[in-house]
Amino acid sequence: MKIRLAIVEDQPAIRQALSVYLCAQPEFECTLVVGSVEELLEALADGVPAPRLVLSDIGLPGMSGIEGIGVLREVAPGAEVVLITVYQDADRTFKALCAGAVGYLVKSTPLPEIKQGLLDVLAGGSPMSPAIARHVMRYFRPAPVAAENSLTPREQQIVEALEQGLSYKLVADRLGISINTVRAYIRTVYDKLQINSKAELLNRKRHGGS
């Protein structure tokens with residue numbers, strides 16, 4: 001039997017490229033090709049057969065692809081969602097996986113690799129672009145002790161303030177410096193700890209990196 005596939009992408013050129021290629025593959029039956037999660041849900045409510053696989057963008061009009069995962073699971077419990085996006089940051093990747101995405105691919109992924117990733121899902125796999133996989137590994141890897149020790153006392157103060165939940169403005173007020181100076185310190189901290197986001201910084205504390 002062919003695998004029922006739904007494609008959710010709001011950019012017409014990308015939607016057409018995905019649908020022309022994937023819908024022509026003998027393994028797939030494209031039941032839906034739409035521009036938003038809302039369109040997908042409306043079609044399912046009208047009786048369109050639920051897909052087995054959903055290839056969805058994240059940055060969509062209305063409900064995002066990440067938000068759509070939980071809603072889709074309620075109306076189509078058997079559907080597996082693979083997200084395809086331009087975003088490669090670890091924070092967004094982590095949120096997508098926590099929401100229930102089984103794969104995370106960047107839009108520059110060649111079409112044959114996207115197809116293989118979708119097929120891998122049905123074999124129990126979780127397709128992930130190499131750049132995304134590196135971000136995920138770095139997200140869960142504690143910062144090296146040497147990097148921790150390289151922080152200056154002022155940088156340590158800023159890190160501790162962020163870990164306490166303070167905003168950049170509150171950090172600046174506490175230390176008597178400008179917000180731009182706080183941002184400059186944070187960029188230096190990120191470079192030293194080999195991270196790219198506040199989420200990775202906070203994750204470092206959860207995993208005993210401080």
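How many bridges join strand S1 to S3? Strand S1 (residues 3–8) and S3 run parallel and are joined by 4 bridges; two strands pair if DSSP finds at least two bridges between them. Helices (H or I, at least four residues) and strands (E, at least two) are DSSP runs, numbered from the N terminus. The model is predicted, so that local features need pLDDT of at least 70 and side-chain atom pairs count only at pLDDT 80 or more, while totals for chains, interfaces and linings use all residues. Residues are numbered from 1 along each chain as its sequence is written, and side-chain values use heavy atoms, with hydrogens and water left out.

The helices may be considered next. The axes of helix H1 (residues 12–22) and helix H5 (residues 111–122) come within 10 Å and cross at roughly 65 degrees; axes are lines fitted to C-alpha atoms, for helices over the stretch in contact, and angles run from 0 to 180 degrees between N-to-C directions. H1 and H5 are therefore roughly perpendicular to each other, a term that covers 65 to 115 degrees. Ala17, Leu18, Tyr21 and Leu22 of H1 make the contact with Leu111, Pro112, Ile114, Lys115 and Leu118 of H5, where contact means heavy atoms within 4.5 Å.

Definitions and conventions
Angles under 35 degrees count as roughly parallel, over 145 as roughly antiparallel, 65 to 115 as roughly perpendicular and the rest as oblique.
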